[in-house]
Amino acid sequence: TIISTPTAKMQESNGDDHYICTTGGFTGEPGGLIFFFILVAYGAFVLLVGAIISYLVRNVPSQFNESRLMTISIYNIGFLSVVIIPVYLVVIEFDPFVAWILRALAILYAFTATMILQFLPKLFGIFITDKGRNVRKFKSGAKLSTSTLSNTERASSELTSD
């Protein structure tokens, strides 16, 4: 982009000349760092909005409530960010390859842990609790009062009880 274009710069390292990727454009050298922090700030904002939404929907019926899963996922990503970003910024000065490995592992861990937290309970319910049977009705632990049942549900329950 015009703001921070990637460019190659000749730099001496261990007595040899190497091309090093840098950021150019009108932001100059700190451009990559500026946009990195803009991206981090955006991610923090999205996590904050997710935390607020998790807090607001904590009292919906348990059949639809995934606020606990969202909260754990947000905590997981937030904790990982607080730990990895400073370590990454320190390590990149000494060994960019190790910094790249840390960043890649952090991304893989965050994605995998979030997917496991979201889907493992559902898969456990399908394959262990229900033993893979084709269950037609959703079994939730919530008890419904007769005032919340629709007319067709009341009629079908009356027919089956006769």
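1. F79 has a relative accessible area of 48% and is therefore partly exposed. Y75, at 58% relative accessibility, counts as exposed. These values, like the others in this note, come from a predicted model.

2. Y75 and F79 lie four residues apart in helix α2, a separation of about one helical turn. An α-helix has 3.6 residues a turn, so residues three or four places apart point the same way.

3. The structure holds two aromatic pairs. In one of them, the ring centres of Y75 and F79 are 6.0 Å apart and the planes are at 20 degrees, so this pair is stacked.

4. F97 and W100 also form a stacked aromatic pair, with 6.1 Å centre to centre and 20 degrees between the planes. Both residues belong to helix α3, where they are three residues apart and separated by about one helical turn. F97 counts as exposed at 53% relative accessibility, while W100 is partly exposed, its relative accessible area being 47%.

5. Helix α2 covers residues 67–94, which is 28 residues. From first C-alpha to last it reaches 41 Å, close to the 40 Å expected at 1.5 Å a residue. The helix has a kink of about 25 degrees centred on Y88, and Y88 is one of the buried residues of α2. Other buried positions in α2 include L69, I74, L80, I84 and V91.

6. On confidence, the protein chain has a mean pLDDT of 74, with 69% of its residues at 70 or more.

How values were computed:
Residues numbered from 1 in each chain as written. Predicted model: local features only at pLDDT ≥ 70, side-chain atom pairs only at ≥ 80, totals over all residues. Heavy atoms only, no water. Helix = DSSP H or I, 4+ residues; strand = E, 2+ residues; numbered from the N terminus. Expected span 1.5 Å × (residues − 1). Bend = angle between axes of the 7 residues up to and from the residue. Buried < 20%, exposed > 50% of the residue type's maximum accessible area, 1.4 Å probe, protein only. pLDDT = per-residue confidence, 0-100. Phe/Tyr/Trp six-rings, centres within 6.5 Å; stacked < 30°, edge-to-face > 60°.
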